[in-house]
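Notebook open, model loaded. I'll jot down what I look up as I go.

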Amino acid sequence: MKKEQISRLSILDCTVRDGGYVNNWYFDKKLVRELYRALSKSGVDYVEIGFRSTERYFDRNKYGLWKFSAEEDIYEATNNISGARLAVMADYGKAGPEDFCKAKESMIDLVRIATHKDTVSETIKLLEQIKQKGYRVSLNAMGYTNYAERERNNLIDMLKAANIDIVFVADSYGSLFPEQIQPIFEPLLCIPGIKVGFHPHNNLQMAFANTLEAIRCGVHFVDSTVFGMGRGAGNLPTEILISYFERFNNDKYNSIPVLNIIDRYFTSLQEKNKWGYQLSFMLSGIFQCHPNYAKALIDMKEYTMEDIWKVMDYINKRDPVGFSKDLLEEIINGGMIGGVTNNKTFIPVILHEKKLVKNDTVFKVPYIDRHKGSDVLILANGPSLKQCRPQIEEFITKYQPIVMGANYLGGLFNPRYHAFNNKRRFIQYIDGVFPESQLMIGQYIPGEMIREYTDRQYEFIFYKDIIDADFEIEDGVIQSNCRTISVLLMGVAIVMGAKRIFAAGMDGYVGIDACTTFHFYTEQDEKEEQDMIMERHRWCQKFIEQIDQYLIAREKEGIHILTPTSYKAFYKGISNYI
């Protein structure tokens with residue numbers, strides 16, 4: 001592939017529109033907004049935000065927002081994000097010129113009309129009417145592989161006389177092979193004044209190969225969808241195309257934002273609505289190594305895709321034979337991801353500032369003894385948090401503890417502090433934090449990521465993430481390898497000077513009915529392998545025990561878990577207090 005062939009190409013991501021066939025266009029606005037933000041960062045040129053339809057043709061009660069793509073919904077999903085141009089599509093016969101306002105009053109730049117071969121002439125007339133309103137317009141020729149030679153010649157003659165901007169060839173049945181691409185596109189590319197695009201499908205897993213051949217032939221536009229989302233085998237995956245182009249022009253293209261969106265949203269969408277391939281196999285293909293590396297890292301539910309990308313690149317350079325669990329553990333324990341370190345070196349990050357401050361300067365953890373002598377209640381996310389809500393509220397009313405919440409609380413409680421130390425959950429749940437709650441964030445979450453998703457004031461939780469280290473506190477800095485935020489908050493409570501530490505919703509991971517979840521809400525991370533669940537339980541158990549012993553050694557009460565839990569040694573039912 002030549003760099004100049006890529007530089008002249010425009011990528012049009014049609015996830016919301018074409019992917020909508022999978023979930024009936026029920027994408028929530030936050031997802032669409034985050035998708036648009038990520039695609040804009042990745043180097044995509046156009047984002048097709050959905051279909052344009054009206055109640056004249058479709059019942060709004062049967063479809064999601066993006067079957068209709070109203071101007072106000074498009075504005076809400078994309079306003080104030082600088083990035084890719086926007087497109088919508090309509091099916092011929094299901095929309096007219098009256099369904100489009102003037103282009104200067106719209107967020108939309110490009111309008112595409114999908115048509116079958118028997119309505120091409122009428123579609124061109126419709127597109128010319130829409131073009132008069134100021135839009136760029138495109139004809140999407142569906143089922144083009146089924147056009148007879150005479151029908152293809154007729155289409156070319158009509159396009160030569162038409163006042164439209166683009167024609168897309170849709171491999172609607174995913175039946176093309178690379179050797180068929182050149183004879184299809186060469187005649188279209190000779191039409192003066194009209195650009196040519198390709199919409200591949202992946203029925204025979206040829207979408208990427210066909211696309212590269214179409215680019216070689218000179219097409220100007222290529223369609224793709226995130227994670228290949230689409231009916232059946234899906235479409236050309238945007239992330240594969242971006243990852244490939246990144247090799248030739250990494251100033252424009254960046255695959256990480258798209259991979260993060262897949263990790264946060266599209267893997268769970270795929271579990272509910274099956275299509276296409278799996279992310280772990282895509283990563284193994286990019287980095288030419290065993291897919292178990294990517295699968296293991298993704299299944300841990302702790303690392304962002306940027307973390308995983310760095311590890312996969314490192315594994316590729318190590319060039320291992322097959323899958324080595326020892327190599328993976330070496331990487332994790334060696335400090336490459338997650339902020340883990342296996343030594344005592346530690347540099348705290350000063351609150352709200354980019355600069356680093358060394359240990360030997362004047363530095364003090366700001367919340368030392370902030371609530372000396374107070375009771376502290378930590379709210380975790382187990383099902384008992386919701387089940388025991390009335391009793392927990394009664395406990396709070398009676399004892400007036402300092403309430404510290406972890407991750408998602410679903411509006412059940414309004415804590416004094418709301419904390420995160422997992423990048424994925426911070427991104428996913430930051431919008432649900434009450435305005436009155438003080439935000440605390442684990443120091444290994446980068447400041448630039450925090451500022452991308454919130455402009456709230458926050459303070460860091462200072463801790464050393466050290467492999468195999470026992471729980472300890474030194475000058476207010478917690479030493480612990482436990483990354484479960486509710487357990488880490490027990491250490492924060494100690495630093496703050498808590499008299500007694502209580503917890504609710506800390507149900508544990510064993511002894512729970514397999515039909516239930518680990519949280520009081522449904523989370524995309526719920527389904528995990530049993531050995532991983534047991535490992536998490538053992539680590540939490542270990543650190544709760546160490547924190548309990550730390551308190552007792554200092555003549556304080558140990559940990560009290562108020563709601564039903566599989567950490568039985570620390571359970572003292574809430575009824576004993578109220």
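In what sense do strand β9 and strand β17 pair, and over how many bridges? I looked it up: β9 (residues 375-379) and β17 (residues 500-504) pair in the parallel sense over 5 bridges. For the record, two strands pair if DSSP finds at least two bridges between them. One of the bridge partners I checked is A504 in β17, which goes with L379.

Ground rules before I go on. This is a predicted model, where local features need pLDDT of at least 70 and side-chain atom pairs count only at pLDDT 80 or more, while totals for chains, interfaces and linings use all residues. Residues are numbered from 1 along each chain as its sequence is written, and side-chain values use heavy atoms, with hydrogens and water left out.

**Entry: the whole chain**

I counted 21 helices and 18 strands in the chain. Helices (H or I, at least four residues) and strands (E, at least two) are DSSP runs, numbered from the N terminus. Of the 578 residues, 59% are buried; buried means under 20% relative accessible area, exposed over 50%, and partly exposed in between (1.4 Å probe, protein chains only). I also looked at contacts (heavy atoms within 4.5 Å). Among those with a separation of 6 or more, 69% link residues 24 or more positions apart.

**Entry: the open sheet**

The β9/β17 pair sits in an open sheet of 7 strands, ordered β13-β12-β11-β10-β9-β17-β18 with parallel pairing. β13 (458-461) and β18 (560-561) are at the edges with a single partner strand each, so one side of each has no neighbour in the sheet.

Next I looked for helices lying across these strands. Helix α17 (residues 389-399) lies across β9, β10 (402-406) and β17, and runs at about 160 degrees to β9. Angles here run from 0 to 180 degrees between N-to-C directions, with axes as lines fitted to C-alpha atoms, for helices over the stretch in contact. Helix α20 (residues 485-495) lies across β9, β10, β11, β12, β13 and β17, at about 150 degrees to β10.

**Entry: the barrel**

I then traced a closed barrel of 8 strands, β1-β2-β3-β4-β5-β6-β7-β8, with parallel pairing. From one strand to the next, the twist averages 25 degrees. β1 (residues 10-13) and β2 (residues 46-51) run parallel and are joined by 2 bridges, and L12 has Y46 in β2 as its bridge partner. Helix α10 (residues 238-246) packs on the sheet, touching β1 and β8 (221-224), and its direction makes about 160 degrees with that of β1.

Is I108 buried or exposed? I find it buried, with a relative accessible area of 5%. Beyond four places in sequence, its contacts include I49, R52, E71, I74 and Y135. I108 and E71 are 37 residues apart in sequence but 8.5 Å apart C-alpha to C-alpha.

**Entry: cores**

Here a nonpolar core is a set of buried Ala, Val, Leu, Ile, Met, Phe, Trp, Tyr and Cys residues joined through side-chain atoms within 4.5 Å. The largest has 109 residues, and F266 and L283 have the most contacts inside it. Helix α11 (residues 256-272) supplies the largest share, 8 residues. A second, separate core of 57 residues includes I378 and I501.

Leaving out residues up to four places away, F266 touches T15, L31, L35, V226, F227, M229, I261 and W275.

I followed α11 to helix α14 (residues 305-318): their axes come within 9 Å and cross at roughly 115 degrees. On the α11 side I256, L259, N260 and D263 meet M305, E306 and W309 in α14.

**Entry: phi check**

Most residues other than glycine have a negative phi. Which residues did I flag? F227 has a positive phi of about 60 degrees although it is not a glycine. F227 is in the loop between β8 and α10, and counts as buried at 1% relative accessibility. N24 also has a positive phi of about 60 degrees without being a glycine. N24 lies in the loop between α3 (20-23) and α4 (29-42) and, at 29% relative accessibility, counts as partly exposed.
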